[in-house]
Amino acid sequence: MDDIRVGAAFRAVRIRRGWRQQDVAARAGVPRSLVSEIERGHLDATSLARLRAVAAALDIRIDLIARWRGGEL
């Protein structure tokens, strides 16, 4: 899944819950601007820990898959 689609999923969950970006930020303990960046797909601008905090605030599970072009790991 690309960064834009991840951000769109975060935004969709937030809107479905009826929360503002500030509400999510307060629950995750991060700045509102970070929630905005994530929703716009700017994931490279944040750490995995902060992304997980925002996901947890929204009850979103993040699964990471390590892949290598040389075959199975």
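Which residues are buried in helix α2 (residues 21–28)?

Analyst: This model is predicted. In helix α2, which covers residues 21–28, the buried residues are Gln21, Asp23, Val24, Ala25 and Ala28. These buried residues pack against three other helices: α1 (3–17), α3 (32–39) and α4 (48–57). After α2 comes Gly29, which has a positive phi near 70°.

The crossing in which α2 passes α4 is right-handed. On the α2 side, Val24, Arg27 and Ala28 make the contact, and on the α4 side, Ala53, Val54 and Ala57 do. Sorted by class, this contact of α2 with α4 has 5 nonpolar residues, 1 charged residue and no polar ones.

The side chains of Arg14 and Glu39 form one, with an N to O distance of 2.5 Å. Arg14 belongs to helix α1 and Glu39 to helix α3, so this pair ties together parts that are 25 residues apart in sequence. Arg14 is buried, at 9% relative accessible area, and Glu39 is buried as well, at 10%. Asp59 forms another salt bridge, with Arg17, and the closest N and O atoms are 2.8 Å apart. Here Asp59 lies in the segment after α4 and Arg17 in helix α1, 42 residues apart. Asp59 is exposed, with a relative accessibility of 61%, whereas Arg17 is partly exposed at 36%.

Methods:
Residues numbered from 1 in each chain as written. Predicted model: local features only at pLDDT ≥ 70, side-chain atom pairs only at ≥ 80, totals over all residues. Heavy atoms only, no water. Buried < 20%, exposed > 50% of the residue type's maximum accessible area, 1.4 Å probe, protein only. Helix = DSSP H or I, 4+ residues; strand = E, 2+ residues; numbered from the N terminus. Contact = heavy atoms within 4.5 Å. Left-handed = near helix turned anticlockwise from the far one by under 90°. Nonpolar A, V, L, I, M, F, W, Y, C, P; charged D, E, K, R; others polar. Salt bridge = Lys/Arg side-chain N within 4 Å of Asp/Glu carboxyl O.
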